[in-house]
Every structure is written in structure tokens, then in C-alpha cells.
Amino acid sequence: MYKRLPCSVTAPLPLLAYAAAAAVEALAFDVPSGSSKCLTEELRRGALSHASYRVVATGSTSEAADPRISARVTGPRGEELHLAEATERGEFRFEAAEDGEHTACFWTPRYEPGAVVSVDVQWDTAAAAGARAHAEGSGSPPAVANGQILAFLQCLTFQSIAEELKKLEDSARLVHEEMISLRQSEHEMQRLNEEIATRIHSFTLLSLVMCVGVAGLQLWHLKTFFQKQHML
């Protein structure tokens, strides 16, 4: 039996609101020359989004590989929210005007056969209410607050894992009970089939005996009849 893990971290209410409203994504991926890589984020209307990106490494058979990328961010209707060309680093921030998918695409400014550019992206998204609560506070969470938020989120993660394990345990127990019920039903059906087969064999033998008896009576009757008629 899995038990809920105790949490000893107590965060102030503004920090809880900020942690609940904010979502941070850190991604690192490769962009081959001549192709593009896109990231999609589902945002609600009024959500504040901020991201920074930079080139962390390049790989190419040529020593003069271009360590730059181009970036473009579009909204749900395809409207352009950010555009940067041939840069080693950049950032963008915007407030979602409507619900929908917002897409950020990265590509190399020029084609170099065999070249690969590694890009690191930090994409932060916060709901408007969480952002306002954070803005009305100290401006930016101090180091201690960041540590409290991290510990609080880790505690939530442990609790989520424990709850998922509990759900899996319950599901496994239900499956086990269902398997036992199916086995009992199988044994009952097997017993019933054997009983029916035994009855069929008994009725078959009884029918055969009755047929033989009727045939014997018919022969005896015919013999008696022919004897009375002096035919035998």
C-alpha cells in the first residue's frame, strides 16, 4: 500500500499562486541545416509568455559553420508575434490575445550540408492573475522564494507520483479480482459442460437399450405370428 508523502515545505500564498500559474519549459534540440524545428504552446487568453533562446553548439564537417539561427513566433491565426533573423541569441514576450496554439519555429539562415545547430530554449508561461499577484509583490521572487517554490513543486511531484502509484495499485487489484472471477466462472462452465456431456452419454446409452429392446420385441412378435399361421 502506497502512502501519501508528507510535505514539510510551507510557501506563502503569493508564491503558491505564482507556482500554480507559472509553467516553465526548458528544451534543447538540434536544428539540421536546411530544415526547421517548431515548438507549440497552448495558451489561454491573457496568458503572459516570455522565452529566451540561444545557440549552444554547432556541428558540421566545415570549420566555418554559421552558429546563428532565425526564429519566428506566430499566433493561432498565423499572425506574426516575433521575428529574428541570423542571431546567436534572442528573446520574445507577449500576452496571448486569444485562446489557441502559439508556435515558435527555428531554422538556420543559410544552408550548409551536414551542419547542425543546437538550440537551448527557456519558455515561461504565466496566467495573468498569477503574473499580477507576482507583480504586486516584490517584483521578482528572491532566491529563498525560488527555493521554496522548487521544494514545493518537488513535494507536489512526489505526491502526484504516490497518487498515481495508488491508482495503479487499485487498478491492479481490480484486474486481479476480475481474473479470479473469470477463473471461477471458467471452472463452473467446465463443470457444467462435463455434467451435460455425462447426461448426453447416459441418454444415448438408454436410447440404444430401448432401441434394442423394441427390436427384440418386434422379432418375438413376428416369430409368434408366423408360428400361429403355421408359416414356420
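1. Let's start with Ala-84, which sits in strand β5, the run covering residues 80–87. Is Ala-84 buried or exposed? With a relative accessible area of 15%, Ala-84 counts as buried, because the cut-off for that label is under 20%. Keep in mind while reading on that this is a predicted model.

2. Val-73 is 11 residues from Ala-84 in sequence, and their C-alpha atoms are 9.2 Å apart in space.

3. Tyr-53 turns up again in the largest nonpolar core, a set of 21 residues. Tyr-53 is among the residues with the most contacts inside that core, together with Phe-92, Phe-106, Val-119 and Val-121. Which strands supply at least two residues each to this core? They are β1 (22–32), β2 (36–43), β3 (48–59), β4 (69–74), β6 (89–95), β7 (100–107) and β8 (116–126). The biggest contribution is from β8, with four residues. As a general point, nonpolar side chains in soluble globular proteins tend to be buried together.

4. Setting aside neighbours within four places in sequence, Val-119 is in contact with Leu-27, Ala-28, Phe-29, Val-31, Tyr-53, Arg-54, Val-56 and Ile-69.

5. Now for a loop residue: Thr-108 lies between β7 and β8. Thr-108 has a relative accessible area of 10%, so it falls within the buried class, which is under 20%. Beyond neighbours within four places in sequence, the contacts of Thr-108 are with Val-31, Pro-32, Ser-33, Gly-34, Ser-35, Arg-68 and Val-117.

6. How many cavities of 30 Å³ or more does a search of the whole structure find? One. The volume of the largest cavity is about 30 Å³. By class, its lining residues are two nonpolar, two polar and three charged.

7. Finally, confidence. Mean pLDDT for the protein is 78, and 72% of its residues reach 70 or more. Residues 1–22 stay under 50, and the model gives this stretch 37 contacts beyond four places in sequence. Residues 128–145 are also below 50, with 13 contacts in the model beyond near neighbours in sequence.

Note on methods. Residues are numbered from 1 along each chain as its sequence is written. This is a predicted model: local features need pLDDT of at least 70, side-chain atom pairs count only at pLDDT 80 or more; totals for chains, interfaces and linings use all residues. Side-chain values use heavy atoms; hydrogens and water are left out. A nonpolar core is a set of buried Ala, Val, Leu, Ile, Met, Phe, Trp, Tyr and Cys residues joined through side-chain atoms within 4.5 Å. Buried means under 20% relative accessible area, exposed over 50%, partly exposed in between (1.4 Å probe, protein chains only). Contact means heavy atoms within 4.5 Å. On a 1 Å grid over the protein atoms alone, a cavity is a set of points where a 1.4 Å probe fits but cannot get out, and a pocket is an open set with protein on both sides within 12 Å along at least five of seven lines; lining residues have an atom within 4 Å of a point. Grid points are joined across faces, edges and corners, and a volume is the space filled by probe spheres set on the points. Ala, Val, Leu, Ile, Met, Phe, Trp, Tyr, Cys and Pro count as nonpolar, Asp, Glu, Lys and Arg as charged, and the others, Gly among them, as polar. pLDDT is the predictor's confidence in each residue, from 0 to 100.
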